[in-house]
Amino acid sequence: MTTVFEKIANREIPSDIIHEDDLCFVIWDIAPKAPVHLLIIPRKPLENLMAATEGDVSLLGHLLWIAHKMGEKYGENGYRVVINNGKSAGQIVPHMHMHLLAGNDANEL
Ligand code: AMP
């Protein structure tokens, strides 16, 4: 199943991509839950963290590193990083992504 995030990566859906590299890209969440709400999305269509294997270790480390870099730029005085895994945990889009939330209401998600 092609998700909205793959369509954004393939430029089939327009989006404001604020960072991209060989392994991932970063966009603003379309329905922000905090003043800063970014999505860090691997190009590899892993369904979620539960679908990751040991072969994904360097990719997972890279995603956290990009969270660090985005946090430096947009995280103001601190930020949260959230990964919803599975429908019961609130995951809507079945393509792994990390939420980076910062600002007044960053505890809401
Ligand atoms: P989750 O509940 O963890 O699956 O989060 C999915 C997130 O993707 C939600 O916060 C949505 O607002 C966001 N989202 C869905 N479609 C788009 C889109 N086209 N551009 C940016 N963010 C999106």
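A residue counts as near a molecule if one of its heavy atoms lies within 4 Å of it. Keep that cut-off handy for the first exercise, and remember that this is a predicted model.

**Exercise 1. Find which residues come nearest the ligand, and which polar atoms sit by its oxygen atoms.**

Step 1: Apply the 4 Å cut-off. There are 16 residues around the ligand, and Asp29, Gly90, Ile92, His97 and His99 come nearest.

Step 2: The side chain of His97 has an N or O atom 2.7 Å from one. For Asn84, a polar side-chain atom lies 2.9 Å from an oxygen atom of the ligand. Val93 uses its backbone instead: an N or O atom there is 2.9 Å from a ligand oxygen atom.

Step 3: Check the cover. On its own the ligand has 510 Å² of accessible area, and the protein covers 85% of that.

**Exercise 2. Describe the largest pocket: its volume, its lining and the elements that build it.**

Step 1: Start with the space, which comes to about 480 Å³.

Step 2: List the lining. It has 22 residues, with Phe5, Asp29, Ile30, Leu39 and Val93 closest to the centre of the pocket.

Step 3: Assign elements. Two or more lining residues come from each of α1 (4-9), β2 (24-28) and β3 (36-42). Helix α1 gives the largest share, three residues.

Step 4: Sort by class. The lining has 13 nonpolar, seven polar and two charged residues.

**Exercise 3. Work out where His19 lies and what its side chain pairs with.**

Step 1: Look for a polar partner. The His19 side chain makes a polar contact with the side chain of Asp21, at 2.7 Å.

Step 2: Skip residues up to four places away in sequence, and His19 touches Cys24, Phe25, Val26, Ile66 and Met70.

Note on methods. Residues are numbered from 1 along each chain as its sequence is written. This is a predicted model: local features need pLDDT of at least 70, side-chain atom pairs count only at pLDDT 80 or more; totals for chains, interfaces and linings use all residues. Side-chain values use heavy atoms; hydrogens and water are left out. Helices (H or I, at least four residues) and strands (E, at least two) are DSSP runs, numbered from the N terminus. A polar contact is a pair of N or O atoms within 3.5 Å; within protein, one must be able to donate a hydrogen and the other to accept it, and residues adjacent in sequence count only if both atoms are side-chain atoms. Contact means heavy atoms within 4.5 Å. On a 1 Å grid over the protein atoms alone, a cavity is a set of points where a 1.4 Å probe fits but cannot get out, and a pocket is an open set with protein on both sides within 12 Å along at least five of seven lines; lining residues have an atom within 4 Å of a point. Grid points are joined across faces, edges and corners, and a volume is the space filled by probe spheres set on the points. Ala, Val, Leu, Ile, Met, Phe, Trp, Tyr, Cys and Pro count as nonpolar, Asp, Glu, Lys and Arg as charged, and the others, Gly among them, as polar. Accessible areas come from the Shrake-Rupley method with a 1.4 Å probe; for residues, only the protein chains shown count as cover.
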